[in-house]
Amino acid sequence: MAPGTGSTRKRPATKAANTKAATGTKAAKPKAARATKPKAARLPANVHEVARRRVALEAASPEVDGGRFPAKAVVGDAFRVEVDAFADGHEMVAGVARWRHETEAEWQETPLLAAGNDRWYAELPVTQQGAYSYAFSAWVDHWLTWHRDLGKRVDAGQDVTVDLQIGARFLRAAIARIEAAGSPNGSAADAQQLAAAAELLEAGGEEGTAAALAPELDATMRRHPDREHESAYARELRVVVDRERARFSTWYERFPRSASPEPGRHGTLADVEAELPRIAAMGFDVLYLPPIHPIGTDHRKGPNNAVTAGEGDPGSPWAIGSKDGGHTAIHPELGTLEDFASLVSAATEQGLELALDLAYQCAPDHPWVAEHPTWFRQRPDGTIQYAENPPKKYQDIYPIDFESEDWEALWLGL
């Protein structure tokens with residue numbers, strides 16, 4: 001229809017309408033997004049154990065190979081231990097080092113001291129030989145934080161009425177801890193002191209402020225900290241404590257067979273005993289002897305590793321064992337076990353300790369070779385492997401095979 005006649009022009013059909021006209025079916029409605037139910041948040045299984053332990057403990061020292069091996073110390077040392085201890089925020093951290101001897105069931109504690117930059121240390125008294133265990137614990141100390149901040153507020157001239165009320169709560173909580181513990185070690189007096197101080201803090205004013213800042217009150221509160229949420233170092237560590245000579249000593253080596261005052265005669269343990277005053281007078285405190293066991297005769301070496309020994313050649317003391325015995329016997333020409341006991345006793349009187357060369361190897365005629373042939377390596381030709389340092393050969397010594405199938409009996413024998 002022409003314009004101006006009062007009629008209107010039809011609008012173009014939509015795509016959906018065209019589709020309907022073309023197919024004769026209803027257009028599909030767009031799908032609404034499917035609502036998803038949010039998953040319930042889950043905390044880690046162990047979160048209740050660690051959630052409020054805010055102090056991190058790291059880098060303990062000494063800690064040998066991650067605690068695999070013990071540290072070493074000497075009786076009487078002030079054994080210094082260190083650890084990093086820090087927490088979030090600006091609250092103060094406190095902690096203890098714990099230790100106990102292997103014969104003790106109860107732990108002892110000493111406070112950790114600040115070394116700076118989140119490093120803490122303590123000196124542990126190690127008063128007896130043996131192994132000690134030591135560990136670390138630390139916590140955020142709300143009393144120390146409050147006490148520090150109270151001093152700053154007072155210095156700034158601020159109103160501390162409410163702060164004193166907070167401090168009184170800390171005191172009341174400490175009293176409750178003392179009572180719950182049964183007031184050990186005379187701490188009932190501490191509880192009385194804290195109760196009196198709590199009343200002063202609750203009353204407020206200058207007297208309450210003075211009581212709150214008193215060093216005596218702070219010292220008492222430090223003895224009864226709130227350790228409910230303390231953190232512990234990841235592992236217990238160990239230190240082996242030995243006598244002083246384990247750290248430093250002076251050794252004198254003596255071949256007993258050379259100790260005879262008579263040329264041509266084989267020396268004895270008694271001859272060595274006669275030399276002890278002279279050795280001690282030179283300042284030595286350890287007498288060191290090479291193996292004193294019977295020396296093998298089979299394949300005995302001569303001087304300078306000569307393959308054949310001459311008549312009267314004594315052989316190497318490291319070629320241990322013969323018909324006279326093995327590692328539990330004394331060479332007959334040196335003396336007897338009674339002579340050895342006498343040497344030990346005389347050395348002790350002279351302030352000397354005795355050190356023996358412990359050589360785990362055997363001569364071919366050592367009793368173990370016949371009794372336990374599997375303790376030694378067998379060669380394809382049926383012989384036993386002797387010691388070698390190519391091109392050198394030591395036919396008078398059989399090394400022990402520590403990988404032997406019979407290793408359990410070998411260990412017991414050694």
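Good morning. First, a caution: the model is predicted.

Let's start with a sheet. Which strands form it, and in what order? The order is β1-β3-β7-β6, four strands in an open sheet. The pairing is antiparallel. At the edges are β1, residues 56–61, and β6, residues 113–116. Each edge strand pairs on one side only. Neighbouring strands here are turned by 35° against each other on average, ignoring direction.

Now look inside that sheet. Strand β3 covers residues 78–86, and strand β7 covers residues 119–125. How many bridges join β3 and β7? Seven, in the antiparallel sense.

Side chains of opposite charge can pair when their charged atoms come close. The count for this model comes to 26 salt bridges. Take Arg-119 and Asp-84. Their side chains meet in a salt bridge, 3.0 Å from N to O. Arg-119 lies in β7 and Asp-84 in β3, so this pair ties together parts that are 35 residues apart in sequence. Is Arg-119 buried or exposed? Its relative accessibility is 18%, and buried means under 20%, so Arg-119 counts as buried.

Next, Glu-82 and Arg-80. They form a salt bridge too, with the closest N and O atoms 2.9 Å apart. Arg-80 is partly exposed, at a relative accessible area of 36%. Now put the pieces together. Arg-80, Glu-82, Asp-84 and Arg-119 are linked in a network of salt bridges.

Arg-80 has another contact. Its charged end sits over the ring of Tyr-121, 3.9 Å from the ring centre.

One more salt bridge. Asp-88 pairs with Arg-54, and their closest N and O atoms are 3.0 Å apart. Where do these residues lie? Asp-88 is in the loop between β3 and β4, while Arg-54 is in the loop between α2 and β1. So the pair ties together parts that are 34 residues apart in sequence. Asp-88 is partly exposed at 44% relative accessibility. Arg-54 is partly exposed as well, at 30%.

On to the aromatic rings. The structure holds 11 aromatic pairs. Let me show you Trp-143 and Trp-146. Their ring centres are 5.0 Å apart. Their planes stand at 35°, so the pair is tilted. Both residues lie in helix α3, residues 142–155. They are three residues apart, about one turn of the helix.

Why is the separation about one helical turn? Because Trp-407 and Trp-411 are four residues apart in helix α11, residues 407–413. And how accessible are they? Trp-407 is partly exposed, at 36% relative accessibility. Trp-411 counts as exposed, at 56%.

Rings can also gather in a group. Phe-79, Tyr-134, Phe-136 and Tyr-233 form one aromatic cluster.

Strand β11, residues 251–253, pairs with β12 over three bridges, and the sense is parallel. Trp-251 stands opposite Val-286 in β12. How does the chain get from β11 to β12? It crosses through helix α8, residues 269–281, and this β-α-β crossover is right-handed.

Then β12 pairs with strand β13, residues 353–356. That pairing is parallel, over four bridges. Here Tyr-288 stands opposite Ala-355 in β13. The chain crosses from β12 to β13 through helix α9, residues 337–349, in a right-handed β-α-β crossover.

Finally, the side chains of β12. In a regular strand the side chains alternate between the two faces of the sheet. Look at β12, residues 286–289. Val-286 and Tyr-288 point one way. Leu-287 and Leu-289 point the other way. All of them are buried.

That's my tour. Thank you.

Conventions
Residues are numbered from 1 along each chain as its sequence is written. This is a predicted model: local features need pLDDT of at least 70, side-chain atom pairs count only at pLDDT 80 or more; totals for chains, interfaces and linings use all residues. Side-chain values use heavy atoms; hydrogens and water are left out. Two strands pair if DSSP finds at least two bridges between them. Helices (H or I, at least four residues) and strands (E, at least two) are DSSP runs, numbered from the N terminus. Axes are lines fitted to C-alpha atoms, for helices over the stretch in contact, and angles run from 0 to 180 degrees between N-to-C directions. Rings of Phe, Tyr and Trp (its six-membered ring) pair if their centres lie within 6.5 Å; planes under 30 degrees apart count as stacked, over 60 as edge-to-face and the rest as tilted. Buried means under 20% relative accessible area, exposed over 50%, partly exposed in between (1.4 Å probe, protein chains only). A charge sits over a ring if NZ of Lys or CZ of Arg is within 6 Å of the ring centre and within 35 degrees of the ring normal. A crossover is right-handed if, with the strands pointing away from the viewer, the path from the first strand over the helix to the second runs clockwise. A salt bridge is a side-chain nitrogen of Lys or Arg within 4 Å of a carboxyl oxygen of Asp or Glu.
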